[in-house]
Amino acid sequence: MGVQAPVGVRSRSQNQRRKRIVQTAAALALRGGVEAMQMRAVAERAGVALGTLYRYFPSKMDLVVAVVTEELDLLENSISRRPPGDPTAAGRAVDVLMRATRGLMREPELADALVRSLILAEVKTELGARITDLLWRVAGRVPGAAPEDGAGAAGEPDRDAPGYVLVGSLASIWIFELLEILKGHRDLDQVRARLEIAAVPLLSGFEDAPAAG
């Protein structure tokens, strides 16, 4: 019987294989859109068996979600390195949403597939939740909110807290505006203006202070 690799080694190998698949899919999409992201083509270019690809990503839409999730990872790293500097919670939130918009628009067909799938609930995606959590972190604290409400807490936020719900509403507006861009009904300047209009009343109860780290 052959000697099996240690669990840690297998895990690293699997993570590297998954990352290679996602990067291959992203490269194909960048050149030819979602149509170019055929599962067989991805498997061949990533150097994995088709069955292996399907074990990682049961459908093409799961692969689309993974590619866009990679973009969200880049966004979060960018926010950590260069936090929004606006003194208002609304300004910081709009900064984050516009960075996310520009990132997703680098691959508009992928963004279109993801947003439409999100609306139709075709596949589970954490786009809305991750954007909301990110907005919550950069917006700051709600004055007078009790720590148990989760407002401004360093750990997991209370997703039923009023402040978090308001931030989530802004994230929902952003997803709608993203769809309007994809349909050709808005440009980036129009989206920024509309997000600013929505963010000011929604986040008016948040402290005008530097964003929490």
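Mentor: Let's start with a pair: α5 and α8 pack with their axes 11 Å apart, at an angle of about 35 degrees. Keep in mind that this is a predicted model.

Trainee: Which residues meet where α5 and α8 come together?

Mentor: From α5 you have A93, L97, A100, T101 and L104, and they meet L170, W174, L178 and I181 in α8. As for handedness, α5 passes α8 in a right-handed crossing.

Trainee: What makes the span of α5 close to the expected one?

Mentor: Set the two values side by side: α5, residues 89–104, reaches 23 Å from its first C-alpha to its last, and 22 Å is expected at 1.5 Å a residue.

Trainee: And why is α5 called largely enclosed?

Mentor: Count the buried residues: 13 of the 16 in α5 are buried, so the rest of the structure largely encloses this helix.

Trainee: How do you know whether T132 is buried or exposed?

Mentor: Buried means under 20% relative accessible area. T132 has 5% relative accessibility, so it counts as buried. T132 sits in helix α7, and leaving out residues up to four places away in sequence, it touches Y164, V167, G168 and A171.

Trainee: What comes after α2?

Mentor: G47 follows, and its phi is positive, near 75 degrees.

Trainee: Which residues does L182 touch, not counting those up to four places away in sequence?

Mentor: L182, which lies in helix α8, touches M105, P108, A111, D112 and V115 on that count. L182 and A113 are 69 residues apart in sequence, with 10.0 Å between their C-alpha atoms.

Trainee: Where in the chain is a helix's confidence lowest, and where is it highest?

Mentor: Helix α6 is lowest, at a mean pLDDT of 71, and helix α9 is highest, at 96. The chain averages 81, with 80% of the residues scoring at least 70.

Trainee: What about residues 143–154?

Mentor: There pLDDT stays under 50. Where pLDDT is low, the predicted coordinates should not be read in detail.

Terms used:
Residues numbered from 1 in each chain as written. Predicted model: local features only at pLDDT ≥ 70, side-chain atom pairs only at ≥ 80, totals over all residues. Heavy atoms only, no water. Helix = DSSP H or I, 4+ residues; strand = E, 2+ residues; numbered from the N terminus. Expected span 1.5 Å × (residues − 1). Buried < 20%, exposed > 50% of the residue type's maximum accessible area, 1.4 Å probe, protein only. pLDDT = per-residue confidence, 0-100. Contact = heavy atoms within 4.5 Å. Axes fitted to C-alpha atoms, helices over the stretch in contact; angles between N-to-C directions. Left-handed = near helix turned anticlockwise from the far one by under 90°.
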